[in-house]
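Try each task before you read its solution.

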Amino acid sequence: MNAHFVTLPGDGIGPEVIAQAIRVLEAVADRFDHTFSFEEELIGGAAIDAHGAALGLETVEAALASDAVLLGAVGGPRWDDPNSRVRPEQGLLGIREAMRLFANLRPITVFPQLADASPLRPEILRGVDILFFRELTGGIYFGESGVGEGSAYQVMSYTEGEVARIVRMAADSARTRRGKLTMVDKANVLEPSRLWRRVTTELIAAEYEDLDFEVVLVDAMAMYLLSRPADYDVVVTANLFGDILTDEASMITGSLGMLPSASVGLDGPGLYEPVHGSAPDIAGAGVANPLATILAAAMALRHSLNLEQEAAAVEAAVASVIASGLRTPDIAAGGESVGTTAMADAVLAALSASTE
Ligand code: IPM
Ligand code: MG
């Protein structure tokens with residue numbers, strides 16, 4: 001097949017990890033007889049430096065015309081002036097909205113060989129396999145906001161339709177997994193959470209009675225993710241809760257540098273990125289872990305291009321490289337490590353060995 005990728009390297013280690021994901025996608029095209037093309041556009045701090053805004057029309061138009069978008073990371077101390085109204089993060093929020101990417105999928109899986117890097121005890125980690133569905137284009141992130149004299153506000157609001165479409169997506173996914181769906185809210189306090197609870201409960205009763213469904217309050221969920229993470233399968237929640245809980249969950253695995261994420265809408269291209277950020281402290285040093293971005297590219301193959309076999313081949317190549325003991329510094333626990341390019345070289349070698 002022919003597929004056109006737009007890449008948005010962004011800031012910090014973004015360009016380094018995107019370059020490696022492109023190499024892997026090129027190898028996939030070669031091995032499986034596809035034609036992939038790549039077009040690079042600006043986002044975040046890089047776009048601010050070039051045009052004074054974190055997201056330009058050219059980037060949005062290219063992204064919408066693509067088959068999938070691969071993003072590195074945005075942000076860094078250079079653009080961190082708290083008084084500035086122009087911030088790299090606006091690029092990410094803007095493109096999510098422009099592409100109508102209302103669902104953010106964040107898988108939390110533990111690579112057994114990396115379990116030592118987790119702050120949790122091994123017996124708590126056993127069997128952890130969670131897929132978060134974070135609502136991404138509504139709620140307080142996109143609510144009306146204002147700043148007054150000595151005060152500030154931002155509104156949290158949701159419509160029934162916004163809740164139903166992501167809950168349905170999460171419920172469909174739970175059916176293909178272990179059949180458990182957990183909806184996380186703060187319905188004991190917040191009105192939009194009470195809407196989430198009502199819409200979700202009705203929808204599950206009407207259409208997904210086969211699922212093992214539960215609701216959990218967000219503060220309790222913050223505890224359960226540490227005390228019994230293996231109890232969860234698919235978790236669906238609002239934008240801000242999902243932002244916080246997925247950062248917490250990413251630490252369970254002890255390998256933030258391994259976690260990809262996919263942002264998708266009902267149709268059109270999706271956006272794929274590593275969960276880690278721009279890591280300005282190691283930018284340019286050639287030691288960033290490229291595996292999360294390579295796994296994000298695999299998610300693009302699966303979710304946007306419907307190339308399941310190719311996605312699985314990339315994931316298997318990454319797993320075999322980890323099993324072989326190769327580590328970038330972030331997952332080396334102080335032991336021997338290799339750089340960004342060498343890690344990607346090993347993935348390419350594993351991919352070519354497995355598809356020979
Ligand atoms: C994330 C990030 C973003 C968010 C920031 C960079 C705007 O934290 O993708 O989780 O809050 O959504
Ligand atoms: Mg976040």
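**Exercise 1.** Find which domains supply at least three residues each to the shell around ligand 1.

*Solution.* In this predicted model, start with the residues that surround ligand 1: E89, L92, R96, R106, R134, Y141 and D243. Next, compare them with the domain bounds, where domain 1 covers 1–99 + 268–356 and domain 2 covers 112–255. Each of these two domains gives at least three residues to the shell.

**Exercise 2.** Which side chains place a polar atom 2.7 Å, 2.9 Å and 2.5 Å from an oxygen atom of ligand 1?

*Solution.* Take the distances in turn. R96 has a polar side-chain atom at 2.7 Å, R106 has one at 2.9 Å, and for Y141 the distance is 2.5 Å. As for cover, ligand 1 taken alone exposes 320 Å², and the protein buries 75% of that.

**Exercise 3.** Identify the pocket whose space ligand 1 takes.

*Solution.* Look at the space taken by ligand 1: this is the largest pocket.

Methods. Residues are numbered from 1 along each chain as its sequence is written. Chains are lettered from A and ligands numbered from 1 in the order in which they are written. This is a predicted model: local features need pLDDT of at least 70, side-chain atom pairs count only at pLDDT 80 or more; totals for chains, interfaces and linings use all residues. Side-chain values use heavy atoms; hydrogens and water are left out. A residue is near a molecule or strand if one of its heavy atoms lies within 4 Å of it. A polar contact is a pair of N or O atoms within 3.5 Å; within protein, one must be able to donate a hydrogen and the other to accept it, and residues adjacent in sequence count only if both atoms are side-chain atoms. Accessible areas come from the Shrake-Rupley method with a 1.4 Å probe; for residues, only the protein chains shown count as cover. On a 1 Å grid over the protein atoms alone, a cavity is a set of points where a 1.4 Å probe fits but cannot get out, and a pocket is an open set with protein on both sides within 12 Å along at least five of seven lines; lining residues have an atom within 4 Å of a point. A molecule sits in a cavity or pocket if more than half of its atoms lie within 2 Å of its grid points. Domain bounds come from an automatic or database domain assignment.
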